[in-house]
Amino acid sequence: MAISCTLTINVKLMKLKSIFILLLMIVSGSSNALSRSEDPYSTGKAKKVNIILIMADDMGYECLSSYGSASYYTPNLDKLAGMGVRFENCFSQPLCTPSRVKLMTGKHNFRNYRVFGYLDPKEKTFGNLFKDAGYSTCIAGKWQLNGISGKKLPGWEDVSRPNQFGFDEYCLWQLQNEKSEGERYANPLIVQNGKTLSRNDDQYGPDIFSNYILDFMDRKKNEPFFIYYPMALVHDPFLPTPVSRKWVDPASRHKNDNDNFKDMVAYSDMIVGKIVDKLNKLGLAENTLIIFTGDNGTNVKITSKMKDGRIIKGGKGTLTDAGTRVPLIAYWKGKSLKGAVHVSLVDFSDVFPTLAQAAGIAIPANRVLDGQSFLPQILGKPGPVKEYVYVDYQRKAFVRDHSFKLYDDGRFYDMKNDVLEQNPMPPADIKGTALVAKNKLQEVMQQMPVLKK
């Protein structure tokens, strides 16, 4: 009986001791727990997240079957959207260079866009941000930022400019000037880390770019990396791809034909699939955020059919939805929402802060940014909601919310009922909710200095 009582007492003492130790552990760890809870986007991992940002050239939202296209088949991008998050309302600039300048710096064009084909070397890009944070950085694809417009701007022939913007390695087309012979597709003219690659007609530029990225991932798999892939596809000229039937005829490889556009979309999709497969094979998917978008709307020569019967004519170079609404897909295995569709407003100034927040990189206090992070929407966590999107281009501008769009010349559209912007609302019809929205959008427009130039 005495032994039984002693055992009972000892067991109780052990339980009390365990509870006491547990309480000490909770108390001693409370500061760390609080610190993690203050960052609702913490992944709980000490290892730095890898980032892969892919941007197709001249690919509007209507080019992806996951966005309702009936003209193209994009299984890899659709799968990426199914595993991650698809954004319905992402807006770019209407043209290549303006979008690149805004995307890479996180600023509206009125702050730093100078001329087509040029990024001021005084600017700091997300490449600089990641390099300064200890990342290995790489860019491959289309550059178009040294001053290809023909004006002898500073750095016209400077092949080290990508390095100055924070990229350790590069493999690029259109690094120097557009007058040089050689397209981006068959027989491409590509500069890789300061050296012009040898050329032949059997080479295909998009394969060279994507293979370089895959090799970079192999070499950097044990350290954090940032990859920016501004694709050459699907910009015109519309030429056959290596899997097109026309490719077997060397003479056809350089013949521009709108019928090739469908194959170019499919090849872009295939390349994205290769990159995702590589992530999985390297075991990096759980520690990599991959984002896919397009730099502006589709070429005006291309007309696409949607599953709901609508016909979308490409609007590249215009401020319409067809010129500025682009796909945006984000996937981070085990972290991002799965198969979610967000209607949140996003523009290209938001990409910089999103990548910085995902990587846990503090943005310097003196850095001017116009965007806000959409990482909360990717992860399905609380966060600020963007109330409007602002786009300026060639001293023209619009500001819009989900339902209404206001141009700087006063045109006002009901985007729910007039997505093709065919009938601006007459002033007499702007009442109630529409009037409240217009007043708010007008306030935003008046704050933008682009209208004061």
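Predicted model: local features only at pLDDT ≥ 70, side-chain atom pairs only at ≥ 80, totals over all residues.
Local features were considered only at pLDDT of at least 70 and side-chain atom pairs only at pLDDT 80 or more, whereas totals for chains, interfaces and linings use all residues. Residues are numbered from 1 along each chain as its sequence is written, and side-chain values use heavy atoms, with hydrogens and water left out.

In soluble globular proteins, nonpolar side chains tend to be buried together. A nonpolar core is here a set of buried Ala, Val, Leu, Ile, Met, Phe, Trp, Tyr and Cys residues joined through side-chain atoms within 4.5 Å; buried means under 20% relative accessible area, exposed over 50%, and partly exposed in between (1.4 Å probe, protein chains only). The largest such core holds 54 residues, and the members touching the most others are Ile52, Ile54, Met217, Ile275 and Phe292. Helix H9 (residues 261-281) provides the largest share of this core, with nine residues; helices (H or I, at least four residues) and strands (E, at least two) are DSSP runs numbered from the N terminus. Beyond its neighbours within four places in sequence, isoleucine 275 is in contact (heavy atoms within 4.5 Å) with Ile52, Ile54, Leu214, Met217, Tyr229 and Ile290. A second, separate core comprises 46 residues, including Leu103, Tyr170, Ile361 and Leu379.

Charged side chains come next. The structure contains 25 salt bridges, each defined as a side-chain nitrogen of Lys or Arg within 4 Å of a carboxyl oxygen of Asp or Glu. In one of them, glutamate 88 pairs with arginine 325, with 2.8 Å between the closest N and O atoms. This pair links distant parts of the chain, 237 residues apart: glutamate 88 belongs to strand E2 (residues 85-91) and arginine 325 to strand E11 (residues 325-331). Arginine 325 counts as buried, at 11% relative accessibility.

Arginine 219 and glutamate 169 form another salt bridge, their closest N and O atoms lying 2.7 Å apart. Because arginine 219 sits in helix H8 (residues 205-219) and glutamate 169 in strand E4 (residues 169-173), the pair ties together parts that are 50 residues apart in sequence. Arginine 219 is partly exposed at 39%, while glutamate 169 is buried at 13%.

Lysine 405 and glutamate 421 also meet in a salt bridge (2.7 Å, N to O). Here lysine 405 counts as buried at 0% relative accessibility, and glutamate 421 is buried too, at 9%. Finally, Asp57, Lys142, Glu183 and Arg184 are linked in a network of salt bridges.
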